Amino acid sequence: AEDSNYLAAARSSDDGYTWTNPTSIGAFSVTPHLLALDNGMVAVLYGRPGLHIRASTDSGQTWSESIPLVGPPEAELGIEELQEALDATLNIGVEKFTCANTDIVVTGPDRVLVAYSDFQYKDRHGVRRKAIKVREVIVTPPAMSN
């Protein structure tokens with residue numbers, strides 16, 4: 001059977017009557033969020049394992065490399081970690097970085113606040129705990145080159 005655990009997008013140009021075949025955006029995803037920002041950018045937030053964000057300057061036709069907000073970059077995640085995450089419950093031993101049950105709020109034309117869990121957080125005593133964090137992310141187009 002074909003692997004269908006990746007984050008994908010399909011497009012419609014006729015008000016949803018027909019759709020293109022899905023194209024991959026990321027290797028995995030749990031509870032993705034897709035946002036259109038007033039600066040013309042589109043951002044997608046997704047994860048498990050970790051939490052990642054990508055941006056698009058062309059309405060989602062192409063995407064930037066992913067930026068990890070929690071955990072390592074996608075390229076550093078091995079297939080075993082991906083499979084564990086796909087099969088996991090909320091067991092902290094398996095969910096190494098975050099449960100990726102996130103929320104996101106647009107706060108400006110180029111910025112969002114992301115609420116997420118971080119299983120690697122260390123408190124002031126150095127004890128690892130699950131923490132709920134909020135982080136501002138600024139989404140801007142890449143610099144134009146001449």
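Visitor: How much accessible surface does the chain have, and what share belongs to carbon and sulfur atoms?
Guide: The accessible surface comes to about 9100 Å², and 52% of it belongs to carbon and sulfur atoms. Such areas come from the Shrake-Rupley method with a 1.4 Å probe, and for residues only the protein chains shown count as cover. Please note that this is a predicted model, where local features need pLDDT of at least 70, side-chain atom pairs count only at pLDDT 80 or more, and totals for chains, interfaces and linings use all residues. Residues are numbered from 1 along each chain as its sequence is written, and side-chain values use heavy atoms, with hydrogens and water left out.

Visitor: What share of the residues is buried?
Guide: Of the 146 residues in the chain, 37% are buried. Buried means under 20% relative accessible area, exposed means over 50%, and partly exposed lies in between (1.4 Å probe, protein chains only).

Visitor: How many helices and strands are there?
Guide: The chain has 1 helix and 9 strands. These are DSSP runs numbered from the N terminus (helices: H or I, at least four residues; strands: E, at least two). In order from the N terminus, the elements are β-β-β-β-β-β-α-β-β-β.

Visitor: Which strands form the open sheet?
Guide: The open sheet has 4 strands in the order β3-β4-β5-β6, with antiparallel pairing. At its edges are β3 (33-36) and β6 (67-70), each pairing on one side only. Two strands pair if DSSP finds at least two bridges between them.

Visitor: How many bridges join β3 to β4?
Guide: There are 4 bridges between β3 and β4 (residues 42-47).

Visitor: Why does Leu-113 count as partly exposed?
Guide: Leu-113 counts as partly exposed because its relative accessibility is 33%. This residue is found in β8, which spans residues 111-122.
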